[in-house]
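Take a moment to look at the sequence and the model before reading on.

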Amino acid sequence: MFQANVFDQKVALVTGGGSGIGYAIAEQLLRAGARVFIAGRKEEKLKKAQESLSQLGQCAYQVCDIRDSEQIGQLVAFIKETAGRLDILVNNAGGQFPSLAEDMAEKGWNAVINNNLNGTWYMTQAMAKAFFIPQKQGTILNIIVNIYRGVPGMAHTGAARAGVDNLTKTLAVEWSKYNIRVNAVAPGIIQSSGLENYPPEMLDGLAETIPMKRLGTTDEVAWLCAFLVSPFAAYITGETMYVDGGQRLFGQQFQL
Ligand SMILES: CCCCCCC/C=C/C(=O)SCCNC(=O)CCNC(=O)[C@H](O)C(C)(C)COP(=O)(O)OP(=O)(O)OC[C@H]1O[C@@H](n2cnc3c(N)ncnc32)[C@H](O)[C@@H]1OP(=O)(O)O
Ligand SMILES: NC(=O)C1=CN([C@@H]2O[C@H](COP(=O)(O)OP(=O)(O)OC[C@H]3O[C@@H](n4cnc5c(N)ncnc54)[C@H](OP(=O)(O)O)[C@@H]3O)[C@@H](O)[C@H]2O)C=CC1
């Protein structure tokens, strides 16, 4: 999408870069010249992704659970040792499970809040303190979900992602003095590995509930992400952009 040198000398970290949307984001950044680190919980997945992404440029992986501060500290050390700096953080790692609000166990609620809100925060604060604030420069991009009309059928993730949406605005203001931009992207329903976590019957007829009558692709999300972390978006901060084929404005989101 960009010329090959847009991210020359830039170092990026994509959490959840071993699959789906995160992989597509890593691919776009590499194609435009960035050096890219990917992180996730499953080594086998990361290794396979890194092998294929390395055909496009410098790519390394590290196992890191975004909920674990010790592992985040090890990731900071790894990036410092191997690249010496970080310019771009894409908080893409996340997930949840469908459940009616009244059926949700306390443990399940906490697991989803911890993964999507706390994990994103731990990673953001650690990378800002280690790199962006001392460098007086950095770009953070948070991947959330379509929260425009709430998230019926997944109240836990709606609450967690709305927290990240608001954090995006707050940090954009607080950290503008360090020349750090903070934005978010809210994908609609995207044809990616992530959808394998949902029963196929939940996906039946879903395209009809979207004005564009189709699901999005991982590239269509990644193109927007690459733009938002690029110098072409230098004056955009505190913004959440939807890439959803108009879904947020139209029709029924979930069969409840
Ligand atoms: C309409 C169609 C779908 C539209 C999609 C909308 C757009 C969004 C799409 C995406 O986000 S795609 C990405 C999808 N990827 C995932 O969702 C990842 C899947 N899940 C996980 O990563 C993990 O399960 C978790 C949610 C982060 C939780 O992991 P953790 O290891 O912390 O907890 P667990 O020990 O697994 O579970 C704790 C607790 O949570 C409850 N629970 C977990 N899974 C389910 C489930 N499938 N159904 C019901 N409840 C669940 C449960 O209470 C667990 O405790 P125990 O009962 O196991 O003791
Ligand atoms: N696909 C869709 O329709 C939509 C997806 N999204 C969001 O986009 C993001 C990417 O989803 P998608 O690519 O579709 O799905 P995937 O399930 O393929 O991607 C999720 C990634 O996050 C990683 N991950 C999850 N939890 C953790 C954790 N605690 N620590 C580190 N890594 C973690 C996973 O890696 P590993 O298993 O190795 O830990 C995986 O690579 C997610 O936040 C998702 O919720 C938002 C809206 C719609």
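## Before you start

This is a predicted model, in which local features need pLDDT of at least 70 and side-chain atom pairs count only at pLDDT 80 or more, while totals for chains, interfaces and linings use all residues. Residues are numbered from 1 along each chain as its sequence is written, and chains are lettered from A and ligands numbered from 1 in the order in which they are written.

Helices (H or I, at least four residues) and strands (E, at least two) are DSSP runs, numbered from the N terminus.

Let's begin with the open sheet, where seven strands follow the order 3-2-1-4-5-6-9 with parallel pairing. Two strands pair if DSSP finds at least two bridges between them. Strand 3 (59–63) and strand 9 (240–243) are at the edges with a single partner strand each, so one side of each has no neighbour in the sheet. From one strand to the next, the twist averages 20°; axes here are lines fitted to C-alpha atoms, for helices over the stretch in contact, and angles run from 0 to 180 degrees between N-to-C directions.

A residue is buried if 20 or more other C-beta atoms lie within 10 Å of its own, exposed if 12 or fewer, and partly exposed in between, with C-beta atoms placed from the backbone.

Helix 5 (residues 155–174) lies across strand 5 (138–143), strand 6 (180–187) and strand 9, at about 160° to strand 6.

## A look at Gln191

Which strand holds Gln191? Gln191 belongs to strand 7 (residues 190–191). This residue is partly exposed, because 15 other C-beta atoms lie within 10 Å. Apart from neighbours within four places in sequence, Gln191 is in contact (C-beta atoms, placed from the backbone, within 7 Å) with Leu215, Gly216 and Thr217.

## Around the two ligands

A residue is near a molecule if its C-beta atom, placed from the backbone, lies within 6 Å of it. For ligand 1, 19 residues form the surroundings, and the closest are Gly95, Phe97, Gly108, Ala111 and Gly194. Helix 4 (106–135) and helix 6 (200–203) are the elements that give two or more residues to this shell, and helix 4 gives the most, with five residues. By class, the shell has 11 nonpolar, seven polar and one charged. Ala, Val, Leu, Ile, Met, Phe, Trp, Tyr, Cys and Pro count as nonpolar, Asp, Glu, Lys and Arg as charged, and the others, Gly among them, as polar.

Ligand 2 has 29 residues around it, with Gly16, Gly20, Gly40, Gly94 and Gly194 coming nearest. Helix 1 (20–31) and helix 4 each give two or more residues to this shell, and helix 1 has the largest share, three residues. The shell around ligand 2 divides into nine nonpolar, 15 polar and five charged residues.

How values were computed
Contact = placed C-beta atoms within 7 Å.
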